[in-house]
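Subject: The model I promised you

Hi! Here is the structure I said I would send over. Have a look around it first, then read on for what turned up.

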Amino acid sequence: MHLDLRHLRTIKAIHDAGGLARAAEVLNITQSALSHQVKGLEEQVGVELFVRRSKPLKLSAAGQRLLRAAEKVLPEIAAVTEEFRALRSGKTGRLHIAIECHACFDWLFPVLDAFRRAWPDVDVDIRPGLAFEAMPALAREEVDLVISSDPESLPGIVFNPLFDYAPTLVAAADSPLAAKEWIEAEDLRDQVIITYPVDRTRLDVFTTLLTPAKVEPEAVRQVELTAVILMLVASGRGVSVLPDWVLREVKYRPDYVTRRLTREGVTKRMYAATRTEDATRPFMAHFLRLARTEPVKLQRV
């Protein structure tokens, strides 16, 4: 016995319409062609599917069983068809994000809020637990985008530039560093540096200032939350170097001072790493556009 979707659609149409004539209109075929389909289907399954003496036409017990199968299978097929159509048009998909930047949540959440409204059918998730193995996870297709300020040359991965930012020192208003116009590496030799709990190779204060100058601070204290870092800084427990968008409001508060790093200032660039083939997908391209514009608004505050 061989059944296909045409058979299931025929059974359901006749049941819903209550007769061959109306079902033929629904299926956009002649009544004669529909009768031949029914006859061929009954020959295929080896039993009668309709009680022909009844008006309106009714399904037999075997026909009812086939109808239940049609009512289960056809919606599934329709859903899969629509899902594939949406995938082809770029309306659905998956955007799972890994973050190599603790401070990025400040600008990422507004970006995701705008993205969600534009692409409600895209599955969005943030995977901070993958931060330290983000690039291998991206290559394995466990995540779809990695926020990073450290571009690498990796096969099949493209680092899409987002925006530039300035790593900036923040200290208590009564800190001796407040008297300086800018901060050099030597200024931090006797300081406690408060950082996020990540490797030094991913901290701007080390990669852009201390490590090149071979300067070691008095101590390093690791703290998970930005708000706690700022509280400790205000209490004189240490200083920190944070992206300028994090300090957009702090720099106007009397408890703090902010200073650029070096006379010329330091600028870094934030990237969104994606698999090469994904970068031009419609929803991914829109996310990248949002991620290039929303953070700039925070930097201007």
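Here is a question to start with: which kind of link do the side chains of Arg200 and Glu216 meet in? They meet in a salt bridge, at 2.6 Å from N to O. By salt bridge I mean a side-chain nitrogen of Lys or Arg within 4 Å of a carboxyl oxygen of Asp or Glu. Arg200 sits in the loop between strand S9 (192-195) and H7, and Glu216 in the loop between H7 and strand S10 (219-222), so the pair ties together parts that are 16 residues apart in sequence. Helices (H or I, at least four residues) and strands (E, at least two) are DSSP runs, numbered from the N terminus.

Before we go on, a word on what you are looking at. This is a predicted model, where local features need pLDDT of at least 70, side-chain atom pairs count only at pLDDT 80 or more, and totals for chains, interfaces and linings use all residues. Residues are numbered from 1 along each chain as its sequence is written, and side-chain values use heavy atoms, with hydrogens and water left out.

More on the salt bridges

How many are there in the whole structure? A search finds 17 salt bridges. Both ends of the pair above are partly exposed: Arg200 has a relative accessible area of 36%, and Glu216 has 40%. The cut-offs are simple: buried is under 20% relative accessible area, exposed is over 50%, and partly exposed is in between (1.4 Å probe, protein chains only).

Another pair is Asp106 and Arg248, with their closest N and O atoms 3.6 Å apart. This one links distant parts of the chain, 142 residues apart: Asp106 is in helix H5, while Arg248 is in the loop between strand S11 (240-243) and strand S12 (256-261). Asp106 is partly exposed at 32%, whereas Arg248 is buried at 16%.

Then there is Arg275 with Asp278, where the closest N and O atoms are 3.2 Å apart. Are these two buried or exposed? Both Arg275 and Asp278 are buried. Salt bridges that share partners also join Glu100, Asp150, Arg202, Asp204 and Lys268 into one network.

Zooming in on Asp204

Asp204 belongs to that network, and you will find Asp204 in helix H7 (residues 204-213). Why does Asp204 count as buried? Because its relative accessibility is 13%. The side chain of Asp204 makes a polar contact with the side chain of Lys268, at 3.2 Å. A polar contact here is a pair of N or O atoms within 3.5 Å; within protein, one must be able to donate a hydrogen and the other to accept it, and residues adjacent in sequence count only if both atoms are side-chain atoms. Leaving out residues up to four places away in sequence, Asp204 touches Ser149, Tyr165, Pro167, Leu209 and Lys268. Contact means heavy atoms within 4.5 Å.

The nonpolar inside

The largest nonpolar core has 42 residues, and those with the most contacts inside it are Trp107, Ile147, Trp245, Met270 and Phe287. Elements that each supply at least two residues of this core include strand S3 (93-99), helix H5 (105-118), strand S5 (145-148) and helix H9 (282-300). A second, separate core of 19 residues includes Ala185, Val205, Val257 and Leu261. For the term itself, a nonpolar core is a set of buried Ala, Val, Leu, Ile, Met, Phe, Trp, Tyr and Cys residues joined through side-chain atoms within 4.5 Å.

Ile147 is buried, with a relative accessible area of 0%. Not counting residues up to four places away in sequence, Ile147 touches a whole list of residues, among them Ile97, Trp107, Leu162 and Met270.

Most residues other than glycine have a negative phi. Now look at Asn28, whose phi is near 60 degrees, a positive value. Asn28 is in the loop between helix H2 (20-27) and helix H3 (31-45), and at 70% relative accessibility Asn28 counts as exposed. Glu141 also has a positive phi, of about 65 degrees, although it is not a glycine. Glu141 lies in the loop between helix H6 (134-139) and S5 and is partly exposed at 47%.

Happy exploring!
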